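Look at the structure, then read on.

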Amino acid sequence: MANANADTPPKAKRRELIPGALIGRLSDLDEPLPHSIKRWFFAWGSIPGFFFMVQISTGIMLTFFYQPSPETAYESVRFITEEVRYGWFIRSIHMWSANLMILFVFLHSTRVLITGGYRGKGRWATWMFGMTMLILTLLLAFTGYSLIYEQLSYWGITVAANINSYIPLIGPPLADFVRYGAEINAKTVSRMFAIHTFLLPPALALLTAGHIFFIRKFGLHVPGNADDIKAEEELQKKKGPYHFFPQHALAELVVFLYLGVVLILLAMAYPVEMGEQANPLVTPEHIKPEWYFYATFRWLKIFPGQVGILMLGAVAAIGFGWPFIDKQLQKLAPKLELAMWLGALGVITMVGMTLLEAISK
Ligand code: HEM
């Protein structure tokens with residue numbers, strides 16, 4: 001103890017050491033990780049988290065100017081885009097970051113699906129939280145788009161509410177809740193705004209905290225066969241674990257910096273534009289949702305009405321229960337990796353439907 005006191009610098013000097021102390025605090029975040037996470041496609045999960053932070057900060061800035069009512073919504077978005085200093089830039093970052101967040105949620109869940117990341121004790125909970133996060137992310141995008149009050153966003157809500165009402169029992173009241181009545185009306189935009197800003201972001205933040213809690217509690221899955229697991233064990237014995245802090249955290253920070261640059265370049269090269277103002281009396285010739293709803297949209301064109309909705313519900317239920325379905329498949333054919341092939345087939349079907357909708361008029 002005497003030695004420690006002798007080494008302690010005087011107060012003024014100690015203040016300079018605060019960054020060091022901070023690093024000491026951050027090192028409490030350390031967690032032993034498998035070396036497999038060093039492969040870049042195994043670490044996509046944190047990227048939607050990065051874009052979520054961008055969404056929160058740019059979203060707060062946009063709320064300073066956005067006015068949620070049918071008379072003012074479109075005009076306030078135009079004001080942000082054309083008159084507020086750098087308003088176009090903040091809006092463009094918000095739009096590009098939303099698209100990239102969804103892209104990386106899809107990529108991350110595809111990686112987890114194909115490598116069986118949901119396998120092992122308790123990881124079903126990580127998976128189920130993830131599935132709910134996927135749905136909330138899509139709802140965030142949908143409600144955000146509807147706020148612009150352009151022709152396509154207005155008719156997007158109309159189509160979505162009609163589709164919703166096909167869901168047995170809960171569909172019609174759910175559609176009424178979203179619209180605040182049987183028809184889109186003056187209160188629909190403020191309801192969408194409340195859902196987009198006050199309900200979904202805190203819910204997604206809580207779910208993310210739960211997701212990370214489960215990842216830490218149950219650990220990361222070591223992918224591959226018995227040989228890969230043995231190789232990982234040997235690596236752990238020889239080199240010790242790969243550390244979350246500082247190694248992995250610093251690697252992720254570098255990725256975030258690159259992504260930040262990509263985001264800025266995209267916002268500058270392809271800034272958001274204003275579409276035509278919503279007109280409830282004129283139905284657009286072609287109604288097309290955003291790219292992330294293409295597969296669902298195409299599905300409902302192939303199987304219209306309640307049949308299509310019930311099939312989509314079944315797909316979602318299978319998605320949630322996948323870790324348990326996989327267990328049964330493994331018992332049925334232990335060597336065939338049926339879940340991986342079926343998962344890959346599901347992803348290929350989704351990408352195929354998305355492309356089909358993208359090229360159709
Ligand atoms: C906003 C969305 C999400 C965020 C921020 C997020 C974050 C993360 C992070 C940081 C990891 C650690 C490993 C990695 O980086 O890949 C992870 C792992 C995991 N995620 Fe997510 N995730 C999200 C969505 C999802 C979705 C949609 C699913 C599945 C449907 C999912 C299921 C899992 C599972 C099962 C693991 C453990 C993987 C393993 O042990 O190999 N996550 N997530």
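## Helix packing and domain contact

Helix 4 (residues 46-63) packs against helix 6 (residues 87-114) at an angle of about 155 degrees, and their axes are 9 Å apart. Axes are lines fitted to C-alpha atoms, for helices over the stretch in contact, and angles run from 0 to 180 degrees between N-to-C directions. Helices are DSSP runs of H or I with at least four residues, numbered from the N terminus. The model is predicted: local features need pLDDT of at least 70, side-chain atom pairs count only at pLDDT 80 or more, and totals for chains, interfaces and linings use all residues. Residue numbers start from 1 along each chain as its sequence is written.

Helix 4 and helix 6 are therefore roughly antiparallel (angles over 145 degrees). On the helix 4 side, the contact residues include Phe 51, Phe 52 and Leu 62; on the helix 6 side, they include Ile 93, Met 101 and Phe 104. Contact means C-beta atoms, placed from the backbone, within 7 Å.

The domain assignment, automatic or from a database, gives domain 1 (35-272) and domain 2 (288-361). Their C-alpha centres lie 20 Å apart. Domain 1 brings 19 residues to the contact and domain 2 brings 18 residues. Helix 7 (123-146) is among the helices that each supply at least two residues of the domain 1 side. Helix 7 gives the most, with 8 residues.

Notes: Angles under 35 degrees count as roughly parallel, over 145 as roughly antiparallel, 65 to 115 as roughly perpendicular and the rest as oblique. Two residues are in contact if their C-beta atoms, placed from the backbone, lie within 7 Å.
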